[in-house]
Amino acid sequence: MIPGFENFMQDVLWCFSQVKGTIDIGVTEADIISTVEFNHTGELLATGDKGGRVVIFQREQESKNQPHRRGEYNVYSTFQSHEPEFDYLKSLEIEEKINKIRWLPQQNAAYFLLSTNDKTVKLWKVSERDKRPEGYNLKDEDGRLRDPSMITTLRVPVLRPMDLMVEATPRRVFANAHTYHINSISVNSDYETYMSADDLRINLWNFEITNQSFNIVDIKPANMEELTEVITAAEFHPHHCNTFVYSSSKGTIRLCDMRTSALCDRHAKFFEEPEDPSNRSFFSEIISSISDVKFSHSGRYIMTRDYLTVKVWDLNMENRPIETYQVHDYLRSKLCSLYENDCIFDKFECVWNGSDSVIMTGSYNNFFRMFDRNTKRDVTLEASRENSKPRAILKPRKVCVGGKRRKDEISVDSLDFSKKILHTAWHPSENIIAVAATNNLYIFQDKVN
Amino acid sequence: MGEEEGLHQAQLLRLIMPVETQEERGETASLLGEKQPLRCSLLCEAVAPDFHQVWNLMGTRSWEPLPLSDATLRSHDSWTCSPLVPEYRLWDPVHMFLTPVVPHWPFYNLDTMFVRGLKRKCFDGEEDIEGTLAGIKAIPSYNLQRQSLLDMSLVKLQLCHMLVEPNLCRSVLIANTVRQIQEEMTQDGTWQMINTQSTGQASVDRLVSTDILCRSSREQAEGKHVPGYSTFSKDFEGDQAQDSSETMSTASSVQAPRNLPSNVWEMENPQENKGNFQKSLDQIFETLENKTPNSVEDLFSEVDNSYYDLDTMLTGMMSNTKMGHCDGLESFSSPTTTTSSSNCKSDLNELDHIVEILVES
């Protein structure tokens with residue numbers, strides 16, 4: 001059910017729903033959220049943080065008593081997915097920060113997700129336990145062994161209800177396959193394989209096999225001195241299990257077909273927009289580096305995010321994107337400062353809504369932007385504690401680029417570049433979005449009319 | 001991106017204003033007694049008792065040291081300053097000194113290079129400078145901006161986080177930017193120009209700091225292979241008679257003024273200037289080969305330390321693309337009709353003036 005997408009910007013008013021996380025002034029580095037992902041039904045919302053923890057929220061069943069509370073998300077499970085490690089060979093730490101979480105489609109009562117840090121991918125099983133067996137023969141209720149000589153009768157253990165317990169267990173650990181830092185994982189539509197991509201290589205895994213993976217892309221040059229381009233993101237096609245794309249730091253996207261060869265170094269399609277000579281600067285290459293690539297749900301389009309824009313590409317047209325949206329073009333004159341403070345290297349993600357009609361991405365000052373592809377209208381919203389009254393409608397924000405600043409506008413120089421929204425997620429079928437702002441997770445919903 | 005304020009003073013620096021117009025010739029700036037908070041004011045920690053370095057503030061103005069006195073120290077609260085990291089050096093090609101590098105540049109705004117309250121009077125009257133205080137020109141020349149960017153990029157490449165493996169994507173992007181600047185500087189002939197100054201070099205030798213010497217000797221001990229940079233651009237080879245097998249890029253005539261035993265660069269002429277870039281690359285190599293604990297063995301993980309071999313960088317160089325004709329620092333606008341010779345000429349004039357001041361002619 002996807003209501004009113006045709007007149008999205010007119011019909012949908014975004015309201016604050018919930019915020020998770022502390023309000024402390026000093027943010028613990030470990031609490032910074034590093035990835036957000038809904039599962040395929042939208043019932044679960046997973047976040048990973050820099051401390052290697054995964055927190056899963058579950059949506060409440062909608063109650064008839066409170067129809068306006070359209071299913072809040074409450075903590076369902078929390079577990080430590082990755083621990084910090086030390087690479088003794090290189091004398092380097094391996095961060096436990098969760099780079100990506102990807103859900104597997106649900107096939108039984110348990111939930112499965114993949115979580116990865118820089119080096120290791122793990123498959124976690126999250127399952128509920130609400131019954132426990134009672135009446136064992138050889139041990140009593142406390143677990144102590146009974147004296148066999150005292151047993152006179154046999155009984156069949158029965159399952160009795162217990163308090164709901166959600167447990168997460170690591171089912172597979174896929175390690176030691178990446179020399180460089182993993183930036184993406186993507187579950188294949190066959191649900192049997194997935195890929196993990198680092199800066200220079202992409203590996204294909206089978207979920208059942210942890211000690212082997214196939215290397216399907218390798219862009220490492222024979223001579224590392226010649227390295228000029230790295231892989232920045234990769235994703236499988238949502239329907240065609242042989243097709244995937246990966247993006248590069250030079251602003252190009254390559255689509256590969258795994259049927260052509262075992263090593264997909266030769267792309268099937270190459271997407272690159274010719275450079276605009278009037279906008280050329282020393283920072284052109286840096287801002288063209290693609291930080292995220294996402295297939296549309298239909299599989300017909302891909303969306304890419306570079307530093308200043310979001311672009312939508314038609315898979316059938318390689319020479320330029322079909323749509324380009326300016327996220328924060330007012331930063332174009334600030335690139336030198338942003339280079340100086342390293343903000344120019346921030347990797348923003350982008351997401352589609354369920355019907356592929358609206359795209360969303362983050363910006364600075366806790367702003368995030370939505371673009372309606374049909375009406376070509378866009379809106380800037382803010383994730384902040386000030387707008388956090390229940391069901392408060394979010395007011396569109398505007399950045400003033402020069403000249404006179406209107407009352408509600410904020411000037412470019414007042415933007416807080418430490419408050420960046422890199423990770424967002426959109427519910428697969430409803431207008432519910434999750435926005436990660438440093439250590440807080442904001443959930444917004446559209447106003448129920 | 002804010003300013004740093006505080007006390008890190010052991011040496012006050014006086015701004016020497018490079019003379020750019022007839023009117024300004026002879027003007028010197030005195031910061032003594034001035035209370036205006038300037039982003040261009042600088043207090044730095046002395047890295048050695050005979051700290052004589054002249055600061056080149058990102059290529060805009062040059063500074064000379066002043067003797068400390070109680071009076072000046074008392075007025076310290078009017079200064080903005082920045083902490084120095086003595087381990088890092090940048091070779092200042094204009095003034096032929098090793099300058100400490102500030103890893104963060106909070107005290108000026110590269111976007112505008114504008115100092116509050118100061119304006120500079122130009123020949124064409126576009127800006128003014130008040131009183132005895134020199135200011136930073138509102139929009140430095142394209143070449144200076146480019147040089148600043150180059151310096152910043154090189155420092156970024158060096159300042160890896162030593163505990164965690166550096167971000168490869170970021171390193172590659174910065175290295176590509178460096179490459180791009182070099183390429184353009186070569187095409188412009190600017191690179192060559194910087195290195196043709198050959199006066200007043202005698203004092204340089206003693207300014208070489210000891211840790212550079214130590215580093216170099218360690219490199220010798222490790223048998224470090226210093227890549228012989230082939231000529232950056234054959235076009236500019238003609239003017240330079242020097243051996244091209246050493247220094248990088250264009251400036252074959254430019255060599256390090258060091259009296260290093262078996263200098264890794266195999267310099268023959270200690271009097272010559274050496275490119276800023278070369279020195280910084282040197283530091284990158286040193287960082288890469290630094291065997292101290294917790295240091296990153298090399299910037300690009302398991303491989304070759306000679307990543308920054310200019311030779312190989314240049315082989316992969318992109319073709320030169322001229323800057324578009326845009327406003328503002330960001331696009332480093334330059335006149336589209338600028339030819340190499342005119343660039344050279346303006347640089348030459350500026351450098352001439354600076355050198356004049358240095359030798360107090």
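The dialogue below takes up strands, hairpins, backbone angles, cysteines and helix packing in turn.

Visitor: What kind of model is this, and how is it labelled?

Guide: This is a predicted model, in which local features need pLDDT of at least 70 and side-chain atom pairs count only at pLDDT 80 or more, while totals for chains, interfaces and linings use all residues. Residues are numbered from 1 along each chain as its sequence is written, chains are lettered from A and ligands numbered from 1 in the order in which they are written, and side-chain values use heavy atoms, with hydrogens and water left out.

Visitor: How is a sheet read, and which strands of chain A form the open sheet of four?

Guide: Strands (E, at least two residues) and helices (H or I, at least four) are DSSP runs, numbered from the N terminus. Two strands pair if DSSP finds at least two bridges between them. Here an open sheet in chain A has the strand order β2-β3-β4-β5, with antiparallel pairing. The edges are held by β2 (33-38) and β5 (73-80), each with a single partner strand, so one side of each has no neighbour in the sheet. From one strand to the next, the twist averages 20°. Within this sheet, β4 (residues 53-59) and β5(A) pair over seven bridges in the antiparallel sense, and A:Gln58 has A:Asn74 in β5(A) as its bridge partner.

Visitor: What does strand β20 of chain A show?

Guide: In β20 (residues 292-295), A:Asp292 and A:Lys294 point one way, A:Val293 and A:Phe295 the other way, and all are buried. Four bridges join β20(A) to β21 (residues 301-305) of chain A in the antiparallel sense, and A:Val293 stands opposite A:Thr304. The hairpin of these two strands has five residues between them, and there A:Gly299 takes a positive phi near 85°.

Visitor: Where do residues other than glycine take a positive phi?

Guide: One of them is A:Thr438, with phi near 55°, in the loop between β31 (432-437) and β32 (440-446) of chain A. A:Thr438 is partly exposed, with a relative accessible area of 24%. Another case is A:Asn365, which is not a glycine and has a positive phi of about 60°. A:Asn365 belongs to the loop between β25 (358-362) and β26 (367-372) of chain A and is buried, at 8%.

Visitor: How many disulfides does the structure hold?

Guide: A disulfide is a covalent bond between the sulfur atoms of two cysteines. The criterion is a pair of cysteine sulfur atoms within 2.5 Å. Over all chains, the structure holds zero disulfides. A:Cys256 is in none, and its nearest cysteine sulfur, that of A:Cys264, is 5.3 Å away. A:Cys256 is buried at 0% relative accessibility, while A:Cys241 is partly exposed at 35%.

Visitor: Which elements make up chain B?

Guide: Chain B has eight helices and five strands, in the order β-β-β-α-β-β-α-α-α-α-α-α-α from the N terminus. Of its 361 residues, 58% are buried.

Visitor: At what angle do helices α2 and α3 of chain B pack?

Guide: Axes are lines fitted to C-alpha atoms, for helices over the stretch in contact, and angles run from 0 to 180 degrees between N-to-C directions. In chain B, α2 (residues 142-158) and α3 (residues 168-188) pack at about 150°, with their axes 9 Å apart.

Terms used:
Buried < 20%, exposed > 50% of the residue type's maximum accessible area, 1.4 Å probe, protein only.
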